[in-house]
Amino acid sequence: MDRRSFMSLSATSLAGFAAQWATTDPGCLTAALDRRTRVDAQLVDRLEGTSRQLNTLPTEKRQHAIRLMDAQLATVTDLIAHASYTEPLGRRLHLLAASLSTTCGWHRFDQGRHYAAGKLWTGALHAATAAGDRDFGAGILSDFGYRSLWTGQPKTAVDHLGHAPSGTRHPTARSLLHLRRARAFAALGDRQATLTDLADAEHALDAAAGTTAPAWCAWMSPADLEVDSGQALLDLGDIRKAQARIADGLALLPPARDKTRGVFLASQARGALDAQEIEHAAHLAGQSLDIASRIGAERCITQVRELTRRFAEHQEIEGVDRILDRLRAA
């Protein structure tokens, strides 16, 4: 795989590629042994170590390291294209490229650059498939599903995520995939399918207790199960249950997960508006904006800004004028 094709693959054919991914045996990764520059295990160890350090930075700091991650990705894809390596080292390089491309894609997604994110994730899916990592490939498909859900295309999200669970082996991976598909079903108003996937997500996460999850989904936790389940219930109109689950999940989130906290504070604000708790909604929206502004999460700011019209209907309520002023300036 050369770097040019890795970075320019189109996301428009993803639905067909997802179906192909689900039914294709990736086979063995061909070793590249006839090139001038030779990659050894020590170099790959160093590249993997640097990437782990960058990936474990808190969200607030990671925004400043994206150029380093882009450069790391360029280095790895250049090695894939032009260096000599054994099959085991080639597999590690492809998995590293998939990991870096996924992370770099999420940064673009958070900035509202959805097409750029899609190109990076498509390349990541190719790399994970070439390395034979089915769980990772399924996770990347779920990222596409999440993007489709976020951009108002829940049916497309269901189509993408329909192929993913069949490709997973680890229960943490299955839990995440069922949870994201539940969100898509909820956006479509399919109550039974939503509740079934939420139950499957909870069962899979329970089954994962005591195991080591793949690195790409090691962050998945009971906090994520609670907040995403609450979001799904909110879309189904179960406001009180939704608010309780989102609040429980936010209480469990560690400080390093501030981007997730900002997103779900915005969801809480929407739920409070639905429940006619306007003053509380304004407070939650302000908290979400505080976090999003600090960590540079444009996607979260946009999410809160979408509540402007609803807040404008309640300008007589304490605190609403202040949040409206902030939303108009954001």
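Which helix gives the most residues to the lining of the second largest pocket? H14 does, with 5 residues.

**Before you select anything.** The model is predicted: local features need pLDDT of at least 70, side-chain atom pairs count only at pLDDT 80 or more, and totals for chains, interfaces and linings use all residues. Residues are numbered from 1 along each chain as its sequence is written, and side-chain values use heavy atoms, with hydrogens and water left out.

**Stop 1: Trp-106 and Trp-121.** Select both rings. Rings of Phe, Tyr and Trp (its six-membered ring) pair if their centres lie within 6.5 Å; planes under 30 degrees apart are stacked, over 60 edge-to-face, and the rest tilted. That rule gives 9 aromatic pairs. Trp-106 and Trp-121 make a tilted one, 5.3 Å centre to centre with 55 degrees between the planes. The pair links distant parts of the chain, 15 residues apart: Trp-106 is in helix H6 (residues 87–110) and Trp-121 in helix H7 (residues 114–130). Helices here are DSSP runs (H or I, at least four residues), numbered from the N terminus. Now colour by relative accessible area: buried is under 20%, exposed over 50%, partly exposed in between (1.4 Å probe, protein chains only). Trp-106 is buried at 17%. Trp-121 is buried at 0%.

**Stop 2: Phe-109 and Trp-150.** Select this pair next. The rings are edge-to-face, 6.3 Å centre to centre, with 75 degrees between the planes. Phe-109 lies in helix H6 and Trp-150 in helix H8 (residues 134–150), so the pair ties together parts 41 residues apart in sequence. Phe-109 is buried at 0% relative accessible area, while Trp-150 is partly exposed at 27%.

**Stop 3: Arg-299.** The charged end of Arg-299 sits over the ring of Trp-150, 4.5 Å from its centre. The test asks for NZ of Lys or CZ of Arg within 6 Å of the ring centre and within 35 degrees of the ring normal.

**Stop 4: the second largest pocket.** A pocket is an open set of points on a 1 Å grid over the protein atoms alone, where a 1.4 Å probe fits, with protein on both sides within 12 Å along at least five of seven lines; lining residues have an atom within 4 Å of a point. This one holds about 430 Å³ of space, the volume being that filled by probe spheres set on the points, which are joined across faces, edges and corners. Of its 19 lining residues, select the closest to the centre: Trp-150, Arg-183, Arg-270, Gln-303 and Glu-306. Helices H8, H10 (171–188), H12 (222–235), H14 (258–274) and H16 (298–305) each supply at least two lining residues. The lining divides into 8 nonpolar, 6 polar and 5 charged residues.

**Stop 5: along H14 and beyond.** Select Ala-269 in helix H14. Ala-269 is buried at 0% relative accessible area. Then go to Gln-276, in the loop between H14 and helix H15 (278–295). Gln-276 has a positive phi of about 65 degrees, although it is not a glycine. At 53% relative accessibility, Gln-276 is exposed.

**Last stop: cysteines.** Select Cys-104, buried at 0% relative accessibility, and Cys-300, buried at 2%. The whole structure has 0 disulfides, counted as pairs of cysteine sulfur atoms within 2.5 Å.

Notes:
Ala, Val, Leu, Ile, Met, Phe, Trp, Tyr, Cys and Pro count as nonpolar, Asp, Glu, Lys and Arg as charged, and the others, Gly among them, as polar.
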